[in-house]
Amino acid sequence: MKKRYHAYQTRQQMHERDYEIFYYSDSKLEKVSLHHHDFYECFFFISGNVSYYIEGKTYALKPGDIVLVDTTELHQLIVMDHSIPYERIVLWIDKSFLNSLSTDQTDLASCFYAKKDNVIRLSLDLQQTIRTILHKLISIENYTGIGSDILYKSYFIELFVQINMALLHNNIRPDADVKKSIMITGIIEYINNHIEEELTIDSLSEHVFLSKYHLLREFKKHSGTTIHKYIIQKKLILAKELILKGMPITEVFKQCGFGDYSNFFRAFKKEYGVTPKFFYSTYNQDS
């Protein structure tokens, strides 16, 4: 049967309510900028020569790898060799949808926030199981027959039960290719734990007892971005979460440690293309 690929989507927002699935194969995809989503992202890597920056770690993917990205995690794709098609199945999942499928006993979303690493390397049998479920989801994209309102939910439950069981029982291969710096991992953890404060390069260099030059160089090397941009993006992620929870925008910038509203306003509009007030009003209309 001929493979049915999707056209690559450059957008970073979901158009559907519960989930979206894409079967991609690209030979000319350029570097994707550092970004995050307001939804969970899970993708199954099939082929290609690519690396992924995720929260200061660099993963060299192998066929069969599963990548799990939480809503607060900054990530970036780097294509190493365009001669090999970059093929993968990408799944975007609304947080509330996955939570609605969970129970008091089984939290299907735990694989996104309780994981040790973002890339998991399953056994060949589990790889085939996951790929089969994903193809089932692709096959019912335009299905409108009996059970169309619930069939996809059963596939999601099966998929994330399998992934969570693999993580819970450590049924994964321990040879995922990841490069990381203990120092940079510690800095990122410190930033995330103090993101509500006014963080500066000087204070961070003093915290880790490194010169600013060495800190800036090492951070860019391991994270794919500058410390300043990373801090701003993390503050904006927190800002969006607070806005969605109903906090007044005039309080959000203070809670996120921006210092003043004008800096917050400019950074938010530059990153997301809309003002904080527009983002809030659009969310309320969609809710």
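How do strand S4 and S10 pair, and over how many bridges? In this predicted model, S4 (residues 57–60) and S10 pair in the antiparallel sense, over three bridges. Within this pairing, Thr 58 stands opposite Lys 179 of S10.

Both strands belong to an open sheet of four strands. The order is S6-S3-S4-S10, and the pairing is antiparallel. S6 (75–81) and S10 (177–179) stand at the edges. Each has a single partner strand, so one side of each is left without a neighbour in the sheet. Neighbouring strands are turned against each other by 25° on average, direction ignored.

The loop between strand S3 (49–54) and S4 holds Glu 55. This residue has a positive phi of about 50°, although it is not a glycine. Most residues other than glycine have a negative phi. Glu 55 is buried, with a relative accessible area of 14%, which is under the 20% limit for that class.

Helix H4 covers residues 151–168. At 1.5 Å a residue, its 18 residues should span 26 Å. The end C-alpha atoms are 26 Å apart, in agreement with that value. The buried residues of H4 are Tyr 152, Tyr 155, Phe 156, Leu 159, Phe 160, Ile 163, Asn 164 and Ala 166. Seen down the helix axis, they fall within an arc of 155°, so they line one face of H4.

Two helices pack against H7 (residues 212–223). Helix H5 (residues 182–193) packs on H7 at an angle of about 95°, with the axes 10 Å apart. H5 is therefore roughly perpendicular to H7. On the H5 side, the contact involves Met 183, Ile 184, Ile 187, Ile 188 and Ile 191. These meet Leu 215, Glu 218, Phe 219 and His 222 in H7.

Helix H6 (residues 201–208) also packs on H7 at about 95°, with an axis separation of 9 Å. This angle makes H6 roughly perpendicular to H7. Ile 201, Asp 202, Leu 204, Ser 205 and Val 208 of H6 meet Lys 212, Leu 215 and Leu 216 of H7.

The loop between H6 and H7 contains Phe 209. Its phi is near 60°, a positive value in a residue other than glycine. At 76% relative accessibility, Phe 209 counts as exposed, whereas Glu 55, also with a positive phi, is buried.

Key
Residues numbered from 1 in each chain as written. Predicted model: local features only at pLDDT ≥ 70, side-chain atom pairs only at ≥ 80, totals over all residues. Heavy atoms only, no water. Expected span 1.5 Å × (residues − 1). Buried < 20%, exposed > 50% of the residue type's maximum accessible area, 1.4 Å probe, protein only. Arc of directions from axis to C-beta. Pairing = 2+ DSSP bridges. Axes fitted to C-alpha atoms, helices over the stretch in contact; angles between N-to-C directions. Parallel < 35°, antiparallel > 145°, perpendicular 65-115°, else oblique. Contact = heavy atoms within 4.5 Å.
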